[in-house]
Amino acid sequence: MKLTSIDKLTDEIVGEKGSPERDIFEYDLRMDIIGTMIRDARIKRNMTQEDLGDLLGVQKSQISKLENNTKDFRIGTILRALKALGAKVKLSVELEKQELIVA
């Protein structure tokens, strides 16, 4: 039986790193992870989607969409949700080999 690494399979199925297809795949994956983190933190704090929505001034359906990655959200909305849940947020941006970290 021949084993293949997950990286090699992802390269073959989705596309190599740096390709537009791979960039979209990785972006969607990150957004799914963020949505899951928000949902898990909300549940851990015994909050409903409606409770979190009230804190952010949005409807319950918006929280559901955020948690399930069914809509593109502004980074500000994501950061507000994380802050409302008591999360520490660290943002790292790399542009032309220069890195900016916002904590």
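Analyst: Start with Asp 51, which at 34% relative accessibility counts as partly exposed, because that class lies between buried (under 20% relative accessible area) and exposed (over 50%), with a 1.4 Å probe and protein chains only. Asp 51 is found in helix H3; helices (H or I, at least four residues) and strands (E, at least two) are DSSP runs, numbered from the N terminus. This is a predicted model, in which local features need pLDDT of at least 70 and side-chain atom pairs count only at pLDDT 80 or more, while totals for chains, interfaces and linings use all residues. Residues are numbered from 1 along each chain as its sequence is written, and side-chain values use heavy atoms, with hydrogens and water left out.

User: Is Gln 49 buried or exposed, and which residues is Gln 49 in contact with, leaving aside its neighbours within four places in sequence?

Analyst: Contact means heavy atoms within 4.5 Å. Gln 49, also placed in helix H3, counts as buried at 15% relative accessibility. Leaving aside neighbours within four places in sequence, its contacts are Arg 42, Lys 60, Ile 63, Ser 64 and Glu 67.

User: Which residues of H4 are buried, and how do they lie around the helix axis?

Analyst: An α-helix has 3.6 residues a turn, so residues three or four places apart point the same way. In H4 the buried residues are Ile 63, Leu 66 and Glu 67. Seen down the axis, they fall within an arc of 95°, so they line one face of the helix; the arc is that of the directions from the helix axis to the C-beta atoms. Their cover includes H2, H3 and H5. Just after H4, Asn 69 takes a positive phi of about 50°.

User: Which residues touch the most other members of the largest nonpolar core?

Analyst: A nonpolar core is a set of buried Ala, Val, Leu, Ile, Met, Phe, Trp, Tyr and Cys residues joined through side-chain atoms within 4.5 Å. The largest one has 13 residues, and Ile 38, Leu 52, Leu 56, Leu 66, Ile 78, Ala 81 and Leu 85 touch the most other members. Helices H2 (20-44), H3 (49-56), H4 (60-67) and H5 (75-84) each give two or more residues to this core. Beyond its neighbours within four places in sequence, Ala 81 is in contact with Ile 38, Leu 52, Leu 56 and Leu 66.

User: How exposed is Leu 29?

Analyst: Leu 29, found in helix H2, counts as partly exposed at 43% relative accessibility.
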